[in-house]
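Please open the structure in your viewer and keep the selection tool at hand.

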Number of protein chains: 2
Amino acid sequence: MTIHASIAAAHAATSPKTRRAPARKPAKEASLSKAERRAETTEQILDEAEYLFSKHGLYGVTLKDVAKRADVHHTLVNYYFKDKDTLFNAVFERRAEVTRELRMKALEEYETVNAGNLTVEGALHTFLDTDLDLYGSGGEGWRNYGALASQVANTPEWGAKLMDKNFDPVVLKLVDIINRALPQASKVDIFWGYHFVSGALLLTLARTGRIDKLSDGLCRSDDFPAVKARMADFMAAGFKAVCK
Amino acid sequence: MTIHASIAAAHAATSPKTRRAPARKPAKEASLSKAERRAETTEQILDEAEYLFSKHGLYGVTLKDVAKRADVHHTLVNYYFKDKDTLFNAVFERRAEVTRELRMKALEEYETVNAGNLTVEGALHTFLDTDLDLYGSGGEGWRNYGALASQVANTPEWGAKLMDKNFDPVVLKLVDIINRALPQASKVDIFWGYHFVSGALLLTLARTGRIDKLSDGLCRSDDFPAVKARMADFMAAGFKAVCK
DNA sequence: ATTATCTATAGATCTATAGATAATGC
DNA sequence: ATTATCTATAGATCTATAGATAATGC
């Protein structure tokens, strides 16, 4: 008898003999079509996976954890998403697409409206404020996604690759605008400046609670408006100090 | 018959009947005392665990992976370190202690030597350059540790707690010096400034290779001197711009 | 005599799939 | 008829420990 069989046997022995017919999950909303319900379950799984991945990382989460939180049978996670990697990628790409395109549009608009009068402050405000508004006011899902993104961005190999794939164009657009705002600056200085901006933004998105404790409550990790009020100008001054 | 028994049986069947007496690992250096060899094995396990944790995080590494890389029997990891958490903490604390004390001493010396003439640049150079030298020139172990620290710092809950426990005093010392250099500034602004510095430093330590790809090779993730040449002044300008 | 190393194993997972059954769609 | 859900399970891990054996210490 295999281990599994003995566990099953033990379980059967302690279970009531007269089990009710397996209780399938009833339709949550009779009014929803099959396609609508599929979409809803998919989102539900994505939301809970996002939450768990943001707290414990890819390897710190099991598919069973996800199923349990999403309140679906554990085999359904494999049914809706082929495997764990597919699920993780789906979680990451869902919102990556949104922030990527929002920022790209914002930068293009800034570029058009302020052609001939580009500034580092302007470019950074456009890039950062768009994101900080999104993460700050987009609800719990966006906050979780931010924490996840910060972990991914600090993960070598596949993490960096995932960032490259999603965000290279929008970052290069930002760098290009800053470069035109500071034509005398060297590209190397500007790239390192972006690197500093990126690190500061990512730690903000992580919302680790560390700044709260350090400042004895003066600052709060989830106070995105406070970051928005300071970050672009702080970084712009940095660019100007180094790029000359 | 349990699964394990059948696996063992199958294995025995395919193994040569006349197994040599189990080949214990011979002394690497006959000259080493038992205590010295224990210390060496301990360091070996710590080094390889550090490498693996830095690449895949706490949950992405198994004790068997560590044992294999460290070239010790897999049960020895539990023998030398009670369990996985103990091992992880040992890895983290080993170098945390060094960087913590190095920076604290550097800041105290800066404070003493420049009493009455404290500057943001000076404080930041002291804090950052000490660390960047260490991670840049300390060898592979320190580079791995840096990547690990950046992951820990971006991990909510236990990650942030581990950072608090190890680095709060030295950070508060830095904040205090900056505060005295900018007496008119608000504490809130200074703490947010530190938050930006911290994020930028951590992403540097992560050495994800992202800046290399973005800049098409102009910048390199492991070019700590390039960061050292720019970071303190960049950030000091940020503090001054926001704190007034 | 003490410490380090290895054998063997318990017990608990985890991921993924095949196949059965129930619910919706047309 | 098609899709969603559940049952049952294979097969592969993983962590941790008890107990045996070999190597060093005194």
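A disulfide is taken here to be a pair of cysteine sulfur atoms within 2.5 Å. In this predicted model, a search of the whole structure by that criterion finds 0 disulfides over all chains.

Now select L87(A), L124(A), F239(A), L87(B), L124(B) and F239(B), which touch the most other members of the largest nonpolar core, a set of 147 residues. Stay with F239(B) and display its surroundings: beyond its neighbours within four places in sequence, F239(B) is in contact with residues that include F234(A) of chain A as well as V120(B), L124(B), I178(B) and Y194(B).

Finally, go to helix α3 of chain A, residues 63–70, and colour V66(A), A67(A) and A70(A), which are buried. Because these three cover an arc of only 95° around the axis, they sit on the same side of α3(A). An α-helix has 3.6 residues a turn, so residues three or four places apart point the same way. The buried residues of α3(A) pack against α2 (34–56), α4 (74–80) and α5 (84–113) of chain A, whereas K64(A) and K68(A), on the other side of α3(A), are exposed. Just after α3(A), select D71(A), which takes a positive phi of about 60°.

How values were computed:
Residues are numbered from 1 along each chain as its sequence is written. Chains are lettered from A and ligands numbered from 1 in the order in which they are written. This is a predicted model: local features need pLDDT of at least 70, side-chain atom pairs count only at pLDDT 80 or more; totals for chains, interfaces and linings use all residues. Side-chain values use heavy atoms; hydrogens and water are left out. A nonpolar core is a set of buried Ala, Val, Leu, Ile, Met, Phe, Trp, Tyr and Cys residues joined through side-chain atoms within 4.5 Å. Buried means under 20% relative accessible area, exposed over 50%, partly exposed in between (1.4 Å probe, protein chains only). Contact means heavy atoms within 4.5 Å. Helices (H or I, at least four residues) and strands (E, at least two) are DSSP runs, numbered from the N terminus. The arc is that of the directions from the helix axis to the C-beta atoms.
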